[in-house]
Amino acid sequence: MRRVREEKSGHMLTRAADGAHDRTVSAPGSALVAAEHVSISFRGKPVLENVGVAVHEGEIVTLIGPNGAGKTTLARVLLGLVAPTSGRVLRRAGLTVGYVPQRFPVERIMPLSVRRFMHLNAAISKERALECLAETGAASLADAQMTDLSGGEFQRVLLARALAREPDLLVLDEPARAVDFAGAAQLYDLIASIRARRRCGVLLISHDLHVVLGASDRVVCLNRHICCEGVPQHVAAHPEYMRLFGPEAAASLGIYGHRHDHRHTLSGDICGGGGGKG
Amino acid sequence: MLDDFETRAVLAGLGAAALAAPLGCFVVWRRMAYFGETVAYSGLLGVALGFLLGVDLTLGVIVTAVAMALLLSGLQTQRAIPYDTLLGILAHVALASGLIAANFVSGARLDLMGYLFGDILAVSRADVFWIWGGAAAVLAALALLWRPLLALTVHEELAAAEGVRVRRTETAFILLIAVTVALAMKVIGILLITSLMIFPAAVARPFAKTPEQMAALAALAAAVAVAGGLFLSLKLDTAAGPSIVLALAALFFVAAVPALALRGR
């Protein structure tokens with residue numbers, strides 16, 4: 001029987017807790033990690049209400065939603081960084097997670113080369129570190145200092161480091177945040193190819209709607225509760241999604257196969273056909 | 001060879017340097033300079049209480065420093081007062097109560113200046129053993145702690161997601177700071193101890209490519225400054241603690257500042 005770890009529902013923790021997840025119970029299906037009826041509130045203010053989500057082997061699940069929707073909180077709950085106020089989190093026993101956090105401030109006062117960063121918290125061989133850097137197109141950065149990297153380079157290094165742990169599950173929080181549009185498209189292609197090669201599960205948080213949906217198997221639209229979920233086409237056509245992001249957002253996905261001649265939504269990106277796949 | 005007070009001073013100073021510098025790198029990386037200072041200030045209270053209660057002074061300092069360190073780390077999550085303000089308040093509360101408590105120690109038994117600024121030329125054979133034994137123990141503990149502590153210093157949440165026990169590691173680290181304060185007090189005094197932690201790290205930074213290099217270079221810089229400061233002190237008959245601090249400052253301005261200026265364009 002497959003066993004997963006369970007988070008004890010209990011009082012809220014404001015910071016990463018020690019041993020937040022010790023008990024193990026049987027897991028449903030091939031889920032790597034699952035949240036069941038998870039609610040969480042900070043200082044009495046509800047952030048997540050009765051949320052259920054699961055990530056299975058080899059699938060890319062994307063969390064989308066407006067700012068303050070609780071996307072990062074849900075990821076942190078799934079990672080075991082905060083305990084839910086109620087509900088539970090199941091995690092496959094022995095699960096290895098590769099995590100790319102949304103914010104990653106680097107202190108200039110600490111010298112840290114990319115090479116050194118790769119084995120910061122695990123015994124990763126030099127060869128494996130270089131392989132993983134090559135896999136994310138960052139091989140040439142091995143000797144650079146972390147403080148000297150551009151936004152896109154930094155994300156590739158973070159991704160390489162996550163891969164070096166040989167994760168069963170990748171959790172990527174806004175991986176394209178500091179990257180321009182073309183860079184974002186490349187990054188999502190890279191994530192898709194990593195999934196295809198390694199068959200790991202991927203939980204992706206994004207608000208780059210037009211790019212990200214094409215790369216996802218399943219989309220969960222979150223706004224404190226789950227508004228809608230399913231395959232990208234289903235979500236894009238869902239009234240809740242339209243309500244949250246506006247009809248132009250759905251159209252800009254190009255999922256219906258028609259194009260607008262102009263766009264004035266969200267970030268004002270020039271999509272240039274990049275959103276026209278599907 | 002420990003019969004010679006100069007030899008004892010050099011040995012004690014080098015032990016304190018080897019101990020304080022690597023730990024000081026983490027103090028700098030984690031932006032805990034004022035935290036270290038506040039813990040150090042509480043040491044005087046430990047000395048005075050040690051005198052009044054008749055317990056070993058090093059033990060007294062360890063107890064008050066550990067208590068202050070735990071208090072400070074417990075208060076880190078409070079939001080009512082900015083943390084640096086709180087540190088400022090508690091640092092001076094600790095110092096003032098230490099000075100008042102010292103008043104109650106009768107006569108000239110308590111050499112106040114010695115505890116405040118260090119009295120390295122008066123270290124005993126036992127002090128040298130305390131410092132070297134303590135330094136070996138603290139550095140061994142730091143070596144064990146190194147990987148998780150470094151990981152959570154770089155990114156606490158990432159480290160936690162990767163299985164680092166954050167609270168446990170942090171608590172172990174601040175206990176090491178408290179013990180370091182108690183051990184190095186004799187050499188450089190509670191008011192100057194922070195300089196032996198943060199100056200060497202600042203000197204080493206521009207010359208290091210990895211955290212480990214920085215720690216090693218910091219230990220080297222601290223050892224050079226201690227030797228230089230002691231030499232000056234003996235030659236010019238100046239106070240040893242402040243002479244060591246000025247030697248550290250000289251290294252910083254002569255070596256690190258130009259290197260930083262060059263790197264920063």
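Predicted model: local features only at pLDDT ≥ 70, side-chain atom pairs only at ≥ 80, totals over all residues.
**Ground rules.** Local features need pLDDT of at least 70 and side-chain atom pairs count only at pLDDT 80 or more, while totals for chains, interfaces and linings use all residues.

**Entry 1: the A–B interface.** I looked up contacts first (heavy atoms within 4.5 Å). On the chain A side, 29 residues touch 31 residues of chain B. The two chains bury about 2,900 Å² between them. That is accessible area (1.4 Å probe) lost on being put together, summed over both parts. Carbon and sulfur atoms carry 54% of it.

I then searched the interface for salt bridges (a side-chain nitrogen of Lys or Arg within 4 Å of a carboxyl oxygen of Asp or Glu). The rule finds five between chain A and chain B. One pairs Glu107(A) with Arg31(B), with the closest N and O atoms 2.8 Å apart. On chain A, the elements giving two or more residues to the side that touches chain B are helix H1 (71-79) and helix H2 (114-118). I took helices as DSSP runs of H or I, at least four residues, and strands as runs of E, at least two, numbered from the N terminus. By class, that side of chain A has 15 nonpolar, four polar and 10 charged residues.

**Entry 2: two helices of chain B.** Next I checked H1 (residues 5-29) against H10 (residues 211-236) in chain B. Their axes are 8 Å apart and the helices pack at an angle of about 145°. I found residues including Phe5(B), Leu14(B) and Trp29(B) of H1(B) meeting residues of H10(B), among them Met214(B), Val226(B) and Leu234(B). The contact divides into 19 nonpolar residues, one polar and one charged.

**Entry 3: inside chain A.** Arg92(A) and Glu57(A) form one, at 2.6 Å from N to O. Arg92(A) is in strand E6 (residues 86-92), and Glu57(A) sits in the loop between strands E4 (45-56) and E5 (60-64), 35 residues apart.

Last, I looked at Glu135(A), in helix H3 (residues 126-135) of chain A. Beyond its neighbours within four places in sequence, Glu135(A) contacts Leu163(A), Leu190(A), Ile194(A), Arg197(A) and Arg198(A).

Note on methods
Residues numbered from 1 in each chain as written. Chains lettered and ligands numbered in written order. Heavy atoms only, no water. Nonpolar A, V, L, I, M, F, W, Y, C, P; charged D, E, K, R; others polar. Axes fitted to C-alpha atoms, helices over the stretch in contact; angles between N-to-C directions.
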